[in-house]
Amino acid sequence: MISQKHLFDIPEGITYLNGAYMSPLLKTIAKAGYKGVDSKMHPWELSDTDFFEERALLRQRFAQLIDTPEASYTAIIPSVSYGMANVAHNIDFTSGDEIILIDEQFPSNVYIWQEVAKKNKVVIKTITSPKIEQGRGKKWNQELLNSINQKTKVVAIPQVHWADGTLFDLINIRKACDSYNALLVIDGTQSIGAYPFSIQDIRPDALICGGYKWMLGPYSLGMAYYGDAFHDGKPMEENWMNRLYSEDFSRLVQYQEQYQPGAGRFNMGESSNFILVPMLVKAIEQLLEWTPNAIQDYCFSITKDTIQILTDKGCFIEEETNRSSHLFGVFLPSETNIEDLKIKLKQENIFVSYRGDAIRVSPSIYNSKDDLEKFSKTVLKLL
């Protein structure tokens, strides 16, 4: 793979290393959105089937992306918090159950569990991050595995940590969950699309993803996978489309008690969004053409020299076996003035994020080695 910058509208002089914040849109995805806007200008041209066909295609494409043959297990959601709420409110908790979380994970996979814990007298066990030293990611994974026991009801974690790129060993975590009949709930927002994921290998009970980062889609639309444990569940909202036979407009007032099969009950209201849905379909189709494996390999190829240079100069970056290549944290030597560096990076039009104690660097297929070299040279001037 080579840089795909020409497919995006990124001006020369802009070094965008911030895909974990929000991806830029491909030009083709923007065009799909414009077409959706045009369709709303002429609603008389929309048919009943338009409410369902593109929506069904989106569920199929997402199923392909996460390696499952069951598109009926997927659902269209507006946000991670919505998707997680569907999960949390459909688990039968008993007082004393434990929910395992990771230290400093994104709030949308924290607040809902805090509310559930208060309501059900459940214990939240947060696995804190080890100190900054070699082998940190491996140690963090081991501490997580060691924490799973007979009291564990849910393990709710990311595949890739949003702040520093730490990679969690989901296959072994799944095995540990199986040993104690615990549910595995994954926030895939910072990995799906850029890092390989297989439902068939990992077997999560739920996978929740925002669509505007590594899936390259628009803001306010995401995707979810809900396994068998949730197929008799109660959705967050009672919209007409998540009920059986909603495809037949002539029968809508023949109110149905039954929901759509599988995870169809969890589709959000107005999930036929004629602007956003075609955009996310187009985005996922492009990702399927590129493949997450190839994207990960490409990010590794353009970052490896920069990572070596920075670590040689005293920065800490997790070793490659325990982190992703599309998102990683750079922990600076303690004497470095981070505020001066922020100013300098801004002056150079280098866009990154700052999460916790790390500079979060998150390149993608629109970047090149030159972008990473520009970043490292700017950092080195202040070390």
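Predicted model: local features only at pLDDT ≥ 70, side-chain atom pairs only at ≥ 80, totals over all residues.
Residues are numbered from 1 along each chain as its sequence is written, and side-chain values use heavy atoms, with hydrogens and water left out.

**Overall form.** I found eleven helices and twelve strands in the protein; these are DSSP runs numbered from the N terminus, helices being H or I of at least four residues and strands E of at least two. The C-alpha atoms fill a box of roughly 70 × 55 × 30 Å along the principal axes. I then looked up the radius of gyration, which is 22 Å and agrees with the value near 21 Å that a compact globule of 383 residues would have; the radius is taken over C-alpha atoms, and the globule rule is 2.2 Å times the number of residues to the power 0.38. Of the contacts between residues at least 6 apart in sequence, 74% join residues at least 24 apart, contact meaning heavy atoms within 4.5 Å.

**The core.** The largest nonpolar core holds 108 residues, and W113, I157, I173, L207, M215, Y226 and F375 touch the most other members. Such a core is a set of buried Ala, Val, Leu, Ile, Met, Phe, Trp, Tyr and Cys residues joined through side-chain atoms within 4.5 Å. Helix α8, residues 276-290, gives the largest share of this core, with nine residues.

**A sheet of three strands.** I traced an open, antiparallel sheet in the order β9-β12-β11, with strands counted as paired if DSSP finds at least two bridges between them. Because β9 (328-330) and β11 (353-355) stand at the edges with a single partner strand each, one side of each is left without a neighbour in the sheet. Three bridges join β9 to β12, residues 358-361; F328 stands opposite V361, and V330 has I359 as its bridge partner. β11 and β12 also pair over three bridges, with A358 as the bridge partner of R355. These two strands form a hairpin with two residues between them, and G356 in the turn has a positive phi of about 60°. I also checked where the side chains of β12 point: A358 and R360 go one way, I359 and V361 the other, and all are buried.

**Cysteines.** How many disulfides does a search of the whole structure find? It finds zero, a disulfide being a pair of cysteine sulfur atoms within 2.5 Å. For C177, the nearest cysteine sulfur is that of C209, 18 Å away, and C177 counts as buried because its relative accessibility is 0%. The sulfur of C315 is 20 Å from the closest cysteine sulfur, in C299, which is too far for a bond; C315 is buried as well, at a relative accessible area of 6%.

Notes: Buried < 20%, exposed > 50% of the residue type's maximum accessible area, 1.4 Å probe, protein only.
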